[in-house]
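Here are my notes from going through the model you sent.

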Amino acid sequence: MGTALIYDEEMTKYKLLWVDPACKIEVPERLSVSYEALVRTGLSDRCVSVPPREASDAEILLVHSEEYLEGVKKTPHMTLEDLKEFTLQYGDVYFHPNIYHCAKLAAGSALQLVDSVMTGKVRNGMALVRPPGHHSMRSAASGFCVFNNVAIAARYAKQKHGAERVLIVDWDIHHGQGVQYCFEDDPSVLYFSWHRYERQKFWPNLRESDYDSVGKGSGAGFNVNVPWNEVGMENSDYLSVFCHVLLPVAYEFCPDLVLVCAGFDSAIGDPEGEMCATPDIFAHLTHLLMNLAGGKLCAVLEGGYNLTSLAQSVCQTVQTLLGDPLPQLANLRSPCESALESLQCVRSVQRRYWSILKHAADSATTDVSNKRIKLAKAEEEKAETAEDERSQEEKVWPEPAERLRPPVCSASVLPDDAACPDGLKRLVSSKDLGPLLVSRIRNRSMEDAGDADGVATFSRLYTLIEKMRTNEIGNGVALVPDVAAAVECVVQDLGSDLVSRVLVVCVGKEELNYATADGKMLVVQISGEDKEEQKGKYYIPVCLKKGCGDTVGFIQAVFGLLLPLGYEYDPGLVLLVRMPGSGVGDCMWQQLIGLLKGFAKGHTLVLMQTNDGACMGPTASALLGHPAPPLQELLTPLPDDGGALERMRERLQADWKMLQTTVSSGN
Ligand SMILES: CC(O)(O)NCCCCN
Ligand SMILES: [Zn+2]
């Protein structure tokens with residue numbers, strides 16, 4: 001299924017007609033440069049073009065009051081003076097004779113997107129709209145917004161398409177207070193927003209934008225605010241919040257639809273956000289949401305005022321929606337202290353509502369409050385001194401790297417009698433490994449099966465890895481007689497001289513014994529077995545007391561440990577090993593394959609044992625990029641295995657910075 005793109009140049013046909021410093025950044029070119037970039041890169045041709053439509057009164061009244069709508073309806077006929085007068089009643093927004101028309105098109109575009117996705121016409125999509133929406137409230141315009149496009153879309157999805165749970169992810173750098181007010185007592189809509197806050201000093205300066213606004217009444221827990229109390233947040237800060245807050249909660253919420261308030265003022269170079277995250281981060285943020293709700297994701301443009309980073313960020317987002325390989329996020333650093341403080345505060349306040357966060361550290365402890373005071377003072381000083389130099393310096397960042405789709409998406413290495421799943425290319429050519437490697441393979445562990453096809457299998461494996469390295473093949477799956485031997489061979493003989501860092505993810509309890517001390521390989525083994533202490537920094541045994549069938553535990557391990565480790569390690573190849581009898585469910589397995597695509601430009605090699613061929617179908621589906629089915633089990637989480645994973649994370653964070661979720665105590 002395809003990706004919808006909704007755009008109409010009519011929505012560029014309004015602009016600021018008077019002097020207002022707060023509004024001058026919201027210009028028509030925001031939309032045209034975004035669309036032109038999609039055209040120039042060929043991305044728009046690969047999308048399903050869906051026309052916008054005007055939202056009807058009834059649809060607008062799903063969120064807004066009649067008196068507000070009646071007021072806005074009068075603006076097309078107003079004189080310039082009346083427009084200024086009408087505008088004065090609201091904050092940081094402007095009206096124009098054509099803005100009502102464009103506001104109906106913007107809201108209607110979001111509804112067209114919801115229809116296209118909910119009816120299965122497309123898998124996902126993006127609506128390029130203006131005016132934006134997430135600040136507008138029931139009876140007020142605000143922050144360049146007239147109608148709350150995404151809030152209307154959420155109510156519409158529930159009413160018309162019977163969606164029961166809708167997740168709204170707002171990665172715009174401003175708090176969408178309009179969305180928060182709309183759903184704060186509604187447990188069927190989970191609103192997540194991060195935003196520049198600077199302890200209430202940043203617009204819209206609301207006390208209720210802080211992390212302790214968790215929703216009201218039956219909506220408690222369904223509003224998640226992550227305030228950024230400093231500017232300059234980077235990719236690692238954003239990814240930490242996704243891994244340690246949003247994704248665990250989103251998976252437990254198990255939405256039927258994901259709506260994104262896709263504002264790109266959170267990218268580097270933006271005058272409003274003043275953050276340092278690069279445009280390619282949106283490729284990953286989009287990817288990390290694409291296995292929720294069976295892939296039903298609607299991204300609706302909000303803010304974004306640096307025309308260069310806006311256009312790049314839009315392209316990164318659409319290219320991921322189209323299923324292209326992800327860019328490698330280079331040199332992630334550890335989240336900064338201020339981000340860790342926000343992370344800790346959010347997790348501690350949300351843990352009483354989300355069992356998946358149950359063991360999050362408390363932040364009521366004195367050392368955190370002391371830390372907050374110290375940080376606040378430090379931020380004060382930094383803000384004062386930085387003010388002047390920040391305004392002068394123009395941010396520069398590298399153009400995002402090309403993301404080339406390999407000629408072959410997925411390949412397979414199978415025994416001759418095994419059937420090749422649809423869509424996979426069977427690898428038959430076996431590279432001549434030369435006598436040295438053959439002898440190494442033979443004596444390493446093939447002595448018992450010293451048969452010819454053992455070597456043939458390995459030579460095909462070698463070919464597969466070689467072709468992933470040259471990007472001729474995206475990913476692959478191999479059925480081998482002895483998966484433990486195969487892993488050993490790949491990482492010792494094949495993998496290591498082909499790629500610099502191999503992330504080995506083992507699911508199941510088999511004993512793995514090879515050296516990992518040099519960092520060429522990071523092994524994360526998720527099993528039900530209590531392993532002896534890990535062997536050094538690069539071998540991390542994760543024990544799920546209830547085994548790999550425990551979906552809650554598995555998801556906690558994936559988001560709390562595996563993904564942060566993977567981002568920090570930044571492998572050139574991912575080796576995903578399914579040990580026989582692992583007990584992992586097919587849905588979880590597909591989710592895992594889908595999520596691991598975020599690493600190594602999607603170069604994942606799945607190794608399974610021949611007698612485990614039963615899950616070849618789900619494996620092939622996930623490798624080909626089909627969205628994984630939702631994990632329904634998370635809806636009724638069983639009591640998890642205690643804080644074992646949290647304790648393990650705390651222990652490991654000394655070596656792995658991306659595992660941190662709390663401020664460094666003491667210093
Ligand atoms: C859509 C938006 O969140 O980018 N609007 C920002 C308004 C800022 C007013 N100072
Ligand atoms: Zn914004």
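1. The side chain of asparagine 225 reaches the backbone oxygen of serine 209 at 3.5 Å, and the backbone oxygen of aspartate 210 at 3.3 Å. For polar contacts, the rule is a pair of N or O atoms within 3.5 Å; within protein, one must be able to donate a hydrogen and the other to accept it, and residues adjacent in sequence count only if both atoms are side-chain atoms. This is a predicted model, where local features need pLDDT of at least 70, side-chain atom pairs count only at pLDDT 80 or more, and totals for chains, interfaces and linings use all residues. On bookkeeping, residues are numbered from 1 along each chain as its sequence is written, chains are lettered from A and ligands numbered from 1 in the order in which they are written, and side-chain values use heavy atoms, with hydrogens and water left out.

2. Where does asparagine 225 sit? Its place is strand β6, residues 223-228 (helices, H or I with at least four residues, and strands, E with at least two, are DSSP runs numbered from the N terminus). Asparagine 225 has a relative accessible area of 0%, so it is buried (buried is under 20% relative accessible area, exposed over 50%, partly exposed in between, with a 1.4 Å probe and protein chains only). Leaving aside neighbours within four places in sequence, its contacts (heavy atoms within 4.5 Å) include His175, Gln180, His195, Tyr211 and Val346.

3. Now the metal. Asp172 (through two OD entries), His174 (ND1) and Asp265 (OD) coordinate the zinc ion (ligand 2) at 2.0 to 2.6 Å. Donors here are N, O and S atoms within 2.8 Å of the metal (3.2 Å for Na, K and Ca), and water is not among the atoms, so sites may look incomplete. Along the chain, the donors of this zinc ion follow the spacing D-x1-H-x90-D. Aspartate 172 and histidine 174 are both buried.

4. What is the geometry of the zinc ion (ligand 2) site? It is irregular, with angles of 55 to 157 degrees among 6 donor atoms. The cut-offs: four donors count as tetrahedral if all angles lie between 85 and 135 degrees; four count as square planar and six as octahedral if opposite donors are over 155 degrees apart and all others between 65 and 115; anything else is irregular. For reference, ideal angles are 109.5 degrees for four tetrahedral donors, and 90 or 180 degrees for six octahedral ones.

5. Next, a helix pair. Helix α9 (residues 281-289) packs against helix α10 (residues 307-321) at about 35 degrees, with the axes 8 Å apart; axes are lines fitted to C-alpha atoms, for helices over the stretch in contact, and angles run from 0 to 180 degrees between N-to-C directions. The α9 side of the contact is made by Phe282, Ala283, Thr286 and His287, and the α10 side by Ser313, Gln316, Thr317, Thr320 and Leu321.

6. Why call α9 largely enclosed by the rest of the structure? Because 9 of the 9 residues of α9 are buried. Over in α10, serine 313 is buried too, at 0% relative accessibility. Not counting residues up to four places away in sequence, serine 313 touches Phe264, Ala267, Pro279 and Phe282.

7. Glutamate 230 is in the loop between β6 and α8, yet it is buried, with a relative accessible area of 12%. Beyond residues up to four places away in sequence, glutamate 230 touches Glu198, Met275, Ser338, Leu375, Glu379 and Lys382.

8. Two cis peptide bonds are worth a look. One runs from arginine 130 to proline 131, with omega near 5 degrees, and proline 131 is in the loop between β3 (124-127) and α6 (149-161). Another joins tryptophan 203 and proline 204, with omega about 5 degrees; proline 204 is in the loop between β5 (189-196) and β6.

9. Please also check the backbone at two non-glycine residues. Aspartate 92 has a positive phi of about 50 degrees, lies in the loop between α4 (80-88) and α5 (99-118) and is partly exposed at 31% relative accessibility. Arginine 199, with a positive phi of about 55 degrees, is in the loop between β5 and β6 and is partly exposed at 23%.
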